[in-house]
Structure formats: structure tokens, C-alpha cells
Amino acid sequence: MMSHSVKHAAIPGRLYIIGFGSIGQGVLPLVLRHLDITADRITIITADARGRDEAAHYQVDFQIRPLTRDNHRDILVPLLRKGDFVLNLSVDVSSLALVELCQETGAFYLDTCIEPWVGGYTDPSLSPSLRSNYALREAALELKTRYPGGPTAVLTHGANPGLVSHFMKQALLNIAQDNGLDVAVPTTRDGWARLAQRLDIKTVHVAERDTQVADRPRERGEFVNTWSIDGFVSEGCQPAELGWGTHERHFPADGQRHAFGSQAAIFLNRPGISTKVRTWTPMEGPFHGFLVTHNEAISIADYFTARNEDGSVAYRPTCHYAYHPCDDAITSIHEFVGKGYMQQERQRLLMTEIVDGIDELGVLLCGHEKGAYWYGSQLTVAEARELVPYNNATSLQVCATVLGGMVWALENPTQGPVEADEVSFERVMEIATPYLGPVVGVYTDWTPLDGRETLFPEDLDRADAWQFKNVRVC
């Protein structure tokens with residue numbers, strides 16, 4: 001196991017952490033532990049006072065300077081130099097604007113999701129397609145063509161999106177080995193797609209169950225969660241999105257294709273926070289999760305697309321998030337939706353008051369010869385606290401992967417903008433795994449047809465359990 005004191009890489013210049021919520025606070029101890037940088041070369045630029053005490057504890061410069069469309073260049077241009085690193089962990093600050101600025105100044109960059117400017121997720125003047133993660137991703141991919149060979153900018157590299165893309169590759173290798181296939185580790189995008197096709201992976205669920213519980217239950221008029229509440233609400237109000245696989249034969253009645261881009265994904269004309277799907281994890285068993293839009297649902301489906309010689313799609317898996325947050329978050333969501341998607345006046349981010357629980361996060365690869373295979377992290381809050389201060393189980397899964405992405409960027413400094421699927425899964429897993437608790441792979445014979453039609457008839461496709469119409473709840 002990796003030492004908890006090894007220095008993996010050095011930041012040549014300064015580190016600017018944009019936003020200092022739960023992930024910023026959780027990653028700072030890891031940065032100081034594993035990157036060659038001193039506290040006097042770190043500056044936090046954030047919108048409010050959250051985390052001020054931690055910054056003072058580590059003697060890190062803490063500035064409340066909210067970044068906006070109008071002022072971000074005035075604030076950042078005088079600061080940034082070649083060799084600096086911008087770690088964007090904010091909400092309501094455009095990732096694309098910061099990536100462009102870093103490409104112009106020679107600074108490294110990493111974020112955990114592609115954020116628009118404030119209101120971009122819920123602007124009613126935009127169509128659902130343009131409010132989607134698909135649209136944000138397409139805009140980010142355009143930057144790849146504009147800045148080839150620029151300073152490395154790692155896009156969407158937290159737990160999910162991010163870590164789950166690395167889980168996906170390791171899970172494919174595990175399934176191949178368990179089926180007696182002599183498979184070399186693919187070195188190209190097409191090689192990975194052909195391996196998924198060969199194994200007949202029909203569907204990939206990013207299946208997560210958070211069971212963390214606090215010593216004080218949620219109160220009426222309060223939104224409680226184990227990670228960014230603003231981030232969760234924003235993505236939950238976007239359209240439900242999923243990568244759309246070649247095995248699917250029942251297009252959803254409320255589904256819609258995009259008029260531009262890769263066509264790797266579709267969206268539903270309803271918010272993800274009101275859309276549920278069936279899934280499975282080893283400790284929880286079967287459960288219903290929210291089909292909340294995430295970049296990995298699109299990027300995994302796109303990355304693992306195999307094409308014919310004429311460029312047409314020969315194979316693509318369906319991919320979507322299936323998220324069951326902590327129980328207090330569930331009642332928070334129920335109240336939020338019932339009030340017409342009006343945010344509660346009070347928010348409570350659970351951290352020190354958590355008394356028990358686990359965040360079980362992984363990928364469920366379905367439809368292959370052995371049925372379904374879940375591979376991922378089973379991190380308890382107790383172990384997370386023991387490993388790194390200022391963390392719970394949810395945040396540490398993100399923060400460990402942020403660290404891994406930063407190290408990879410510093411070791412590969414001229415890659416320009418890249419997605420998690422293009423980053424070395426082996427290197428990131430080497431760095432992150434010591435902070436993920438048990439990382440396990442488990443086969444299951446569960447399918448979304450189990451227990452169906454016991455009370456009422458349903459419209460099912462029993463010829464193929466992994467059709468999305470069987471997976472969807474509402």
C-alpha cells in the first residue's frame with residue numbers, strides 16, 4: 001500500500017483553489033500531504049466564508065472574492081502564471097471560461113464537473129437540450145481542438161464523473177480474466193470499446209448508495225446532504241440524461257435526441273431528481289436510484305463506442321447514474337420537489353455530525369456472460385475520518401480522485417483539455433485506492449425483472465432484461 005506521506009509530484013508555481021465547500025476542504029489536507037507545495041503558495045478564492053477556519057489552521061491564504069462572468073478575468077489574469085495550477089471546485093463559475101484562461105496563461109487545470117455560469121442549469125430561455133450536460137460536454141470537447149498540446153486541463157475528474165471511468169476499465173479486465181480470456185490491457189480508445197463489445201456489456205450503471213446518518217435528523221424546511229447541496233440541486237433540475245446503447249429497442253416516449261454532437265446520449269423531458277431507475281450494489285442489494293445527469297453517463301457511452309469502417313456505430317453501451325443519496329437527502333428532495341422545485345431556506349451539509357454509514361460507489365456492468373458485475377469502493381465514514389481530516393465517506397472518494405488527476409496532469413503536462421476516460425486509470429487508481437476503503441468486485445444474478453408483476457401487470461421486455469424500459473421506474 002502507498003505511504004500516506006509520499007510526495008507524488010510538484011506544482012511548479014502556485015495553486016489556486018476556486019471554491020472551498022466540502023470538496024475543497026477535504027482535498028486541502030491531501031494536497032499538502034502528497035504534492036510538493038507549501039501552504040504559502042496556495043490561495044483559496046471562494047464566494048463565502050465556508051472553510052475559513054480550516055484555511056487558517058493550515059495557514060493558507062483565504063479570499064472571499066466571488067467570480068462572475070464580468071469579473072473573473074480582472075481577478076485571475078493578474079494572478080496566473082505558467083506552471084500555476086487552478087483547481088476548480090466551485091459552483092456557478094464557468095468551467096469553460098476558466099479552462100480558456102488557463103490555456104492562455106499556461107496554467108494547469110482540474111475540475112470535478114463542467115459548470116456553467118450561474119443560472120445556466122435552469123435558464124428557462126434555453127431548451128432542455130441546451131441545459132444538458134451533453135451540451136456542456138460538447139462545448140468542452142471543442143476546446144480540445146482549439147488547444148492541442150496546451151497545458152493539461154483535466155475535465156470532470158472527481159468520484160463521478162472521474163473515478164468511475166477508471167473503475168469501468170478495471171472491471172472490464174476483471175470480467176475478461178474471469179471468463180478465461182487472454183486479453184492485453186488496451187492502449188487505445190477503440191481497443192477498450194472492442195473489449196466491451198467482445199464481453200457483450202449492454203448497460204453500465206454508476207450505482208451509488210449512501211447510508212451515512214447524522215446524530216440529528218432533518219427538519220422541515222431544511223435540505224440535508226453529505227456533499228454540495230447547491231451542486232446536487234442544480235444537476236437534479238437538469239434533464240435526466242443517459243448514454244443510449246445499440247442494444248436498446250424501445251425509445252422512451254419522453255425521450256429526445258440532440259440536434260448536434262456525438263449522438264452518444266439522449267435526454268428525457270423531465271428532471272433527473274424526479275426520475276428513478278432500478279439498480280444494485282453488493283451491500284444494499286436492489287434499490288431505486290435517481291437518474292441524475294452526470295458527465296460520465298455520456299463520456300463512457302461515447303468512449304466505449306466501436307465503429308464500423310464507414311464510421312457508423314457498431315456498438316455502444318447504455319450508461320447512466322443510479323443514485324440513492326443519504327436518507328435525509330431523500331426526504332429533502334421529496335420536500336423540494338413537492339414545493340415546486342423551490343429551494344429550502346436552510347441547508348445543512350453533513351460532516352462532523354455523521355455517526356455512521358458508508359458510501360458504496362461503483363459501476364455495475366450488465367448483460368455479459370456472468371450476468372452483472374459491480375466494481376467499486378465501499379468506504380465507511382469512520383475510515384474516511386481516520387484517513388484524512390475534514391472528510392466524510394462521500395467527499396473522500398472525490399478528493400482522492402482529484403489528487404490522482406492532479407498528479408497525472410503534472411506528470412503529463414502538455415495534454416491540453418482531456419476527459420477522465422483519457423487519463424491513465426492505472427496511475428489514478430494507484431494514488432486513490434489507499435483512500436477508498438475496500439475496493440471490491442462482486443457478481444450478481446440480479447436483473448431489473450426480479451420481483452416484477454407480483455401485484456400488477458407491467459409492460460416489460462422479458463426477452464432482454466437490460467432494456468432501459470425494464471430498468472426505469474418512473
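1. D182 is exposed in this predicted model. Its relative accessibility is 78%, and the cut-off for exposed is over 50%, so D182 falls in that class. The residue sits in a loop, between α6 and α7 (189-199). The C-alpha atoms of D182 and E219 are separated by 55 Å. Along the chain, D182 and E219 are 37 residues apart.

2. Helix α6 also deserves a look for its packing. Helix α6 spans residues 163-178 and crosses helix α9, residues 295-303, at roughly 35°. The axes of α6 and α9 come within 10 Å. The crossing of this pair is right-handed. On the α6 side, the contact uses V164, S165, M168 and K169. On the α9 side, E296, S299, I300 and Y303 meet them. By class, the α6–α9 contact holds four nonpolar, two polar and two charged residues.

3. Which residues of α1 meet α12? They are S22, I23, G26, V27, L30, V31 and H34. Their partners in α12 are S395, L396, V398, C399, A400, V402, L403 and M406. The contact of α1 with α12 has 11 nonpolar residues, four polar ones and no charged ones.

4. Is T275 buried or exposed? T275 has 0% relative accessibility; the limit for buried is under 20%, so T275 counts as buried. T275 belongs to the loop between β14 (265-271) and β15 (276-281).

5. T275 has polar partners. Its side chain makes a polar contact of 2.9 Å with the side chain of R270. The T275 side chain also reaches the backbone oxygen of P271, at 2.9 Å.

6. What else does T275 touch, leaving aside residues up to four places away in sequence? The list includes A240, L268 and R270. G289, F290 and L291 are also on it. R472 and C474 touch T275 as well.

7. D182, in the loop between α6 and α7, is exposed at 78%. T275, in the loop between β14 and β15, is buried at 0%.

Conventions: Residues are numbered from 1 along each chain as its sequence is written. This is a predicted model: local features need pLDDT of at least 70, side-chain atom pairs count only at pLDDT 80 or more; totals for chains, interfaces and linings use all residues. Side-chain values use heavy atoms; hydrogens and water are left out. Contact means heavy atoms within 4.5 Å. Helices (H or I, at least four residues) and strands (E, at least two) are DSSP runs, numbered from the N terminus. Ala, Val, Leu, Ile, Met, Phe, Trp, Tyr, Cys and Pro count as nonpolar, Asp, Glu, Lys and Arg as charged, and the others, Gly among them, as polar. Buried means under 20% relative accessible area, exposed over 50%, partly exposed in between (1.4 Å probe, protein chains only). A polar contact is a pair of N or O atoms within 3.5 Å; within protein, one must be able to donate a hydrogen and the other to accept it, and residues adjacent in sequence count only if both atoms are side-chain atoms. Axes are lines fitted to C-alpha atoms, for helices over the stretch in contact, and angles run from 0 to 180 degrees between N-to-C directions. A crossing is left-handed if the near helix is turned anticlockwise from the far one by less than a right angle, and right-handed if clockwise.
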